[in-house]
Amino acid sequence: MFANAKPYIENADLAIGVLEGPLAGNEVYDYSLSNYGDGKRVRLNYPDEFAQAIQNTGFDMVTIANN
């Protein structure tokens with residue numbers, strides 16, 4: 001997923017990323033509704049493999065303190 005960005009990230013002196021979404025396992029959790037009042041479900045969950053992809057890309061730090 002990060003193949004094109006990897007050379008830049010892994011060669012940086014300090015690479016910091018922002019993970020704006022939960023890693024809640026491989027199940028699809030239905031815990032969030034749309035903020036638009038349209039009744040559509042919003043699924044906010046990354047697969048577990050996403051965390052490994054971030055690590056393999058060479059980030060030194062990833063913050064999850066959002067919103």
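This is a predicted model: local features need pLDDT of at least 70, side-chain atom pairs count only at pLDDT 80 or more; totals for chains, interfaces and linings use all residues.
Just after helix H2, Gly-58 adopts a positive phi of about 110 degrees.

## The chain as a whole

The protein chain contains two helices and two strands, and these elements follow one another from the N terminus in the order α-β-α-β. Of the 67 residues in the protein chain, 15% are buried, while the accessible surface comes to about 5,400 Å², with 51% of that area belonging to carbon and sulfur atoms.

Among the contacts in the protein chain with a separation of 6 or more, 58% are between residues 24 or more positions apart.

Helix H2 spans residues 49–57, and within H2 the residues Phe-50, Ile-54 and Thr-57 are buried. Because these residues cover an arc of only 65 degrees around the axis, they lie on the same side of H2. In general, an α-helix has 3.6 residues a turn, so residues three or four places apart point the same way.

The buried residues of H2 pack against H1 and E2, whereas the face of H2 turned away from its buried side carries the exposed residues Glu-49 and Gln-55.

## The aromatic cluster

A search of the whole structure finds two aromatic pairs. In one of them, Phe-2 and Phe-50 have their ring centres 5.8 Å apart with 50 degrees between the planes, an arrangement that is tilted. This pair links distant parts of the chain, since Phe-2 lies in the segment before helix H1 (6–10) and Phe-50 lies in helix H2, 48 residues apart. Phe-50 has a relative accessible area of 13%, and because buried means under 20%, Phe-50 counts as buried.

Phe-2 also pairs with Phe-59: the ring centres are 6.2 Å apart and the planes stand at 80 degrees, so this pair is edge-to-face. Here too the pair links distant parts of the chain, with Phe-2 in the segment before H1 and Phe-59 in the loop between H2 and strand E2 (61–63), 57 residues apart. Phe-59 has a relative accessibility of 22% and therefore counts as partly exposed. Taken together, Phe-2, Phe-50 and Phe-59 form one aromatic cluster.

Conventions: Residues are numbered from 1 along each chain as its sequence is written. Side-chain values use heavy atoms; hydrogens and water are left out. Rings of Phe, Tyr and Trp (its six-membered ring) pair if their centres lie within 6.5 Å; planes under 30 degrees apart count as stacked, over 60 as edge-to-face and the rest as tilted. Helices (H or I, at least four residues) and strands (E, at least two) are DSSP runs, numbered from the N terminus. Buried means under 20% relative accessible area, exposed over 50%, partly exposed in between (1.4 Å probe, protein chains only). Contact means heavy atoms within 4.5 Å. Accessible areas come from the Shrake-Rupley method with a 1.4 Å probe; for residues, only the protein chains shown count as cover. The arc is that of the directions from the helix axis to the C-beta atoms.
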